[in-house]
Structure formats: C-alpha cells, structure tokens
Protein chains: 2
Amino acid sequence: MENKFAFAQDLIKKAGQLVIEQMKDVFDVTVKTTQDDVVTSIDIAIQNFLIQSIAEHYPEDHFLAEEENCQHGISVGNVWVIDPIDGTLNFVTQKSDFAIMISYFEKGSGQFGLIYDVMEDKLYSGGGVFSVTCNDEKLPVFDGRPLSHSLVACNTGMLLKNSYGVQELLKHSLGVRNYGCAALSIARVLNNQLWAYISNVYPWDYAAANVLGQALGYELMTLDGSDIDYTNRQMVIFLPSQYKNTIQELHFRS
Amino acid sequence: MENKFAFAQDLIKKAGQLVIEQMKDVFDVTVKTTQDDVVTSIDIAIQNFLIQSIAEHYPEDHFLAEEENCQHGISVGNVWVIDPIDGTLNFVTQKSDFAIMISYFEKGSGQFGLIYDVMEDKLYSGGGVFSVTCNDEKLPVFDGRPLSHSLVACNTGMLLKNSYGVQELLKHSLGVRNYGCAALSIARVLNNQLWAYISNVYPWDYAAANVLGQALGYELMTLDGSDIDYTNRQMVIFLPSQYKNTIQELHFRS
C-alpha cells in the first residue's frame with residue numbers, strides 16, 4: 001500500500017502541473033446541465049491523464065470518476081475515485097480555489113485520500129494506515145471546540161431553501177462561508193478552520209473527505225439519515241464525529 | 001504624495017508582521033454587539049500602532065478607524081481611514097482570510113488605498129495618481145465580461161433576507177461566494193476574479209475599495225440610491241462602473 005500511496009501523491013502533483021500548463025492557453029468550457037454546471041477541456045484531459053497513468057501501473061484497478069460516465073461500483077475490487085477539477089466554476093472564473101481529488105478503495109474500504117490545492121501547492125493526503133498531512137505537516141485531530149465558536153461552509157442552494165432546517169443549524173454557529181469548492185471546504189475542516197461543511201455532493205466530491213477525516217475525528221453524515229452510498233448525489237454534512245448526535249438532535253428539532 | 005504613499009505601503013507591511021507575531025500567543029476576544037461581532041486585543045494593538053506611527057510622521061492628520069470610536073469626518077482635512085483587521089471572525093477561527101486596510105483622503109477626495117492580505121503576503125495598493133498593483137504587478141482594468149459569466153460575493157444576511165431583491169440579481173450570475181472578509185472580496189473584484197461584492201458595511205470596510213477601484217473601472221454604489229456617506233453602515237455593491245445602469249434596472253425591477 002505504501003507504494004500505491006506514494007504513487008498517488010506523485011501523480012496528483014504531476015496532474016496539478018498539467019493543469020497549470022494548460023490553463024495558460026485558451027480552453028473550452030462546455031455547459032453540462034445548467035449554466036453553472038460546466039466542464040472544461042482541462043477537466044477531461046486531467047481525468048484521462050490520471051486514469052491512463054493509474055491503469056498503466058495497476059491494470060486490474062477500476063475507476064469512479066466525475067466526467068464521462070466512468071462509474072464503477074465502490075465495493076467491487078480496487079477502485080480509484082477521481083475528481084479531476086473540483087470547483088470548476090472557480091477554476092474558470094477565478095483561476096484559483098479549485099483542487100484535484102483522488103481516493104483509493106479496496107472492497108469498499110477507503111485506503112487513502114488526497115486533495116491537491118493546485119494554485120497554493122498544498123497537498124492534503126493520508127487516511128487508512130497513513131497519517132493525514134498537509135504537505136509534510138501532520139494535521140491535528142479535532143480540538144473539541146463547539147459549533148457556537150466556529151464557522152461552517154454551506155452550499156447556497158441548500159441555505160436559501162433551508163434544506164433540512166440548515167438555517168436553524170447555522171444560527172448556532174458564528175457564521176457561514178461559501179468557497180464554491182467541496183475539496184477546499186473539506187480541507188478547511190481537516191485544518192480546524194471550519195467546524196463543518198454542508199453540501200449536496202457526488203461521490204467524487206466526498207470520497208476523499210470520508211477517508212481523510214476518519215483518523216482526525218471527522219465523518220460524513222447524510223442529512224436524510226440514509227447511508228453514504230457512493231452512487232448518487234446526496235445532501236451531507238462533514239463534521240466532527242463527537243458532535244454527530246448533537247447535530248442530529250438540533251437538526252431534527254428544527 | 002509619493003512619500004506618504006510609500007510610507008503607508010511600508011507601514012501596512014510592518015503592521016502585518018506585528019499581527020503574525022502577536023497571533024502566535026493567546027489573545028483576548030471580546031464580543032462587541034452580538035456573538036459574531038468580535039474584536040480582539042490584536043485589532044486594538046494594530047490600530048494603535050498604525051495611528052501612533054502615522055501621527056508621529058503627520059501630526060496634523062486625522063483618523064476614521066474601526067475600533068474605539070475614532071471617527072473624524074471624511075471631508076475635513078487629511079484623513080486616514082483604518083481597519084486594523086478586516087475579517088476578524090476569520091482571523092480568530094481560521095487564522096487566515098483577513099486583511100489590514102488603510103486609505104488616505106484629502107478634503108474628502110481619496111488619494112490612495114491599501115489592502116494587505118497578511119497571511120498570503122499580498123499588498124493591493126494604489127488609486128488617485130498611483131497605478132493599482134498587487135505586490136509589484138499592475139492590475140488590469142475591468143475586462144467587460146457580463147454578470148452571467150461571473151461569480152459574485154454576497155453577505156449571507158442580505159442573501160437570506162433578499163435585501164433589495166439581491167436574490168434576483170444573483171440569479172443572473174454563475175453563483176455566490178462568501179469569504180467573510182470585505183477587503184479580500186474587494187481584492188477579488190479588483191483581480192477580475194469576482195464581478196461584484198455586495199454587503200452591509202462601514203466606512204473602514206469600503207473606503208479603500210472606492211479609491212482603488214476607480215482607476216480600474218469599478219465603483220461603490222449604495223443599494224438604496226443614497227450617496228456613500230462615510231459615516232454610517234450602508235448596504236452597497238462594488239461593481240464595474242460600466243454595468244451600473246444595468247444593475248440599477250435589474251435591481252429595481254425585482
């Protein structure tokens with residue numbers, strides 16, 4: 001597993017370099033479902049680069065990835081979950097605040113996860129048997145502070161619709177942030193900068209969170225009480241495990 | 001004026017160093033009005049440092065500053081507008097995403113403005129007769145792109161209350177961001193990363209925006225159509241000047 005983890009760490013940095021090179025030129029932006037759901041030619045190129053590189057080294061492995069309907073079931077064999085560019089709208093309009101995410105599962109069990117903040121050159125990696133680090137610095141476990149002393153990142157659509165009484169929940173916090181990037185919001189939770197992250201996300205958006213968070217005392221919980229299924233888009237909160245029950249109470253009370 | 005501008009650029013960096021030194025130790029956090037309106041002992045220390053340093057060099061000058069009721073009228077004499085730490089909640093909980101802001105006015109006319117992103121060591125400065133730069137790089141003038149291809153940062157309270165029909169306005173954009181820091185949201189507009197910034201802000205939050213924005217094609221507009229008064233908290237949008245009329249139409253239609 002050490003080799004595979006080191007391979008992934010090296011690979012994600014190479015993919016980041018490729019993004020930086022390609023974003024210097026004009027690139028295509030294609031609308032997927034709505035005006036704010038876009039994919040660029042760079043997303044596709046990076047996903048292809050990652051999948052081809054992994055397949056070359058580990059030809060028996062499978063893929064669950066954002067673009068081009070590449071969706072192998074999480075629980076069957078060795079599966080790499082890939083989001084080539086998370087925060088594509090930030091990537092297109094801001095040229096910053098996006099990340100590459102990779103996580104690796106064997107028979108449904110997360111072995112390691114990686115979030116690479118390309119423009120800041122910060123690699124969050126670890127999980128499973130590996131320490132969770134940002135670059136070479138070990139990340140601390142959750143420090144126990146309450147929601148009332150903390151900030152939370154939340155999806156705007158859910159905030160406006162008050163999905164699952166999220167507005168009530170957020171009133172117990174110091175305030176709401178919205179960075180427009182699941183990966184970097186998750187990284188801020190892992191960093192003790194945010195208390196939680198609430199969004200409506202796909203498996204490639206949350207897989208790394210679940211693997212990276214476990215060792216530091218965080219976990220992913222769906223807002224409707226169902227299991228995390230690694231197939232559909234789900235409304236989730238990524239939060240400190242020790243507050244899971246408190247939040248369930250708060251949230252079902254509202 | 002060159003000397004005064006160079007003095008301010010040097011001073012704001014020194015203040016940033018002081019913040020970094022002081023944040024290593026435990027510091028006091030005091031609630032001002034509500035739980036999410038706080039001031040730290042570092043805010044006070046930095047404001048005192050800035051005011052003392054300026055008063056030593058320019059004893060005839062006046063101050064309009066965030067902490068401790070230091071509010072000289074903007075139109076009388078030479079006035080330094082100071083926000084020692086903008087984004088105090090980010091400063092306290094995230095140790096990042098905050099900035100120091102200084103702007104300088106003579107008889108109500110902005111001469112230069114500065115926004116210093118302390119943790120990223122990025123200084124946005126200029127306005128009046130000076131080019132607007134980020135560190136040593138000249139910032140481009142607004143590139144003309146429409147709201148429909150852009151992101152907007154917006155205050156959460158105003159978004160939830162739909163103040164001045166802001167939800168309608170934002171439906172014309174690609175999406176909403178919330179960084180919890182006026183200075184850094186303004187910097188992202190100046191950088192062409194965001195199209196506009198909407199918030200309910202005090203003079204020390206917006207003074208620098210108005211001075212820095214002018215040369216690059218941005219301006220500050222109140223949402224109720226009144227003048228920017230440099231005395232009260234006002235709901236404002238900082239946006240490309242060329243779209244001011246379009247936005248007024250959109251916004252009063254809703």
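In this predicted model, the contact between the two chains takes 26 residues from chain A and 26 residues from chain B, where contact means heavy atoms within 4.5 Å. Chain A and chain B bury about 2,300 Å² between them, 49% of it on carbon and sulfur atoms; buried area is the accessible area (1.4 Å probe) that two parts lose on being put together, summed over both. The model is predicted, with local features needing pLDDT of at least 70 and side-chain atom pairs counting only at pLDDT 80 or more, whereas totals for chains, interfaces and linings use all residues. Residues are numbered from 1 along each chain as its sequence is written, chains are lettered from A and ligands numbered from 1 in the order in which they are written, and side-chain values use heavy atoms, with hydrogens and water left out.

**Interface of chain A and chain B**

- Between chain A and chain B, 15 residue pairs are in polar contact, both residues being at pLDDT 80 or more (a pair of N or O atoms within 3.5 Å; within protein, one must be able to donate a hydrogen and the other to accept it, and residues adjacent in sequence count only if both atoms are side-chain atoms).
- On the side of chain A that touches chain B, the elements giving two or more residues are helix H3 (88-94), helix H4 (156-161) and strand E12 (175-177) of chain A, where helices (H or I, at least four residues) and strands (E, at least two) are DSSP runs numbered from the N terminus.
- H3(A) gives the most to that side, with 4 residues.
- By class, the side of chain A that touches chain B has 8 nonpolar, 13 polar and 5 charged residues (Ala, Val, Leu, Ile, Met, Phe, Trp, Tyr, Cys and Pro count as nonpolar, Asp, Glu, Lys and Arg as charged, and the others, Gly among them, as polar).

**Sheet of 8 strands**

- An open sheet with mixed pairing has the order E4-E3-E5-E6-E7-E8-E9-E10 in chain A, two strands being paired if DSSP finds at least two bridges between them.
- Strand E4 (70-71) and strand E10 (137-138) of chain A are the edges, each with a single partner strand, so one side of each is left without a neighbour in the sheet.
- Strand E3 (residues 62-65) of chain A runs antiparallel to E4(A) and is joined to it by 2 bridges, with A:Ala65 opposite A:Cys70.
- Helix H2 (residues 41-57) of chain A packs on this sheet, touching E3, E4, strand E5 (78-86) and strand E6 (99-106) of chain A, and its direction makes about 155° with that of E5(A); axes are lines fitted to C-alpha atoms, for helices over the stretch in contact, and angles run from 0 to 180 degrees between N-to-C directions.

**Sheet of 5 strands**

- The order of this open sheet, also with mixed pairing, is E12-E11-E13-E15-E14 in chain A.
- Strand E14 (218-222) and strand E15 (residues 234-240) of chain A run antiparallel, joined by 5 bridges, and A:Glu219 stands opposite A:Leu239.
- Helix H7 (residues 203-214) of chain A lies across E13, E14 and E15 of chain A, running at about 140° to E14(A).

**Salt bridges**

- Over all chains the count comes to 14 salt bridges (a side-chain nitrogen of Lys or Arg within 4 Å of a carboxyl oxygen of Asp or Glu).
- A:Lys4 and A:Asp61 meet in a salt bridge at 2.8 Å, N to O.
- A:Lys4 lies in helix H1 (residues 2-22) of chain A and A:Asp61 in the loop between H2 and E3 of chain A, so the pair ties together parts that are 57 residues apart in sequence.
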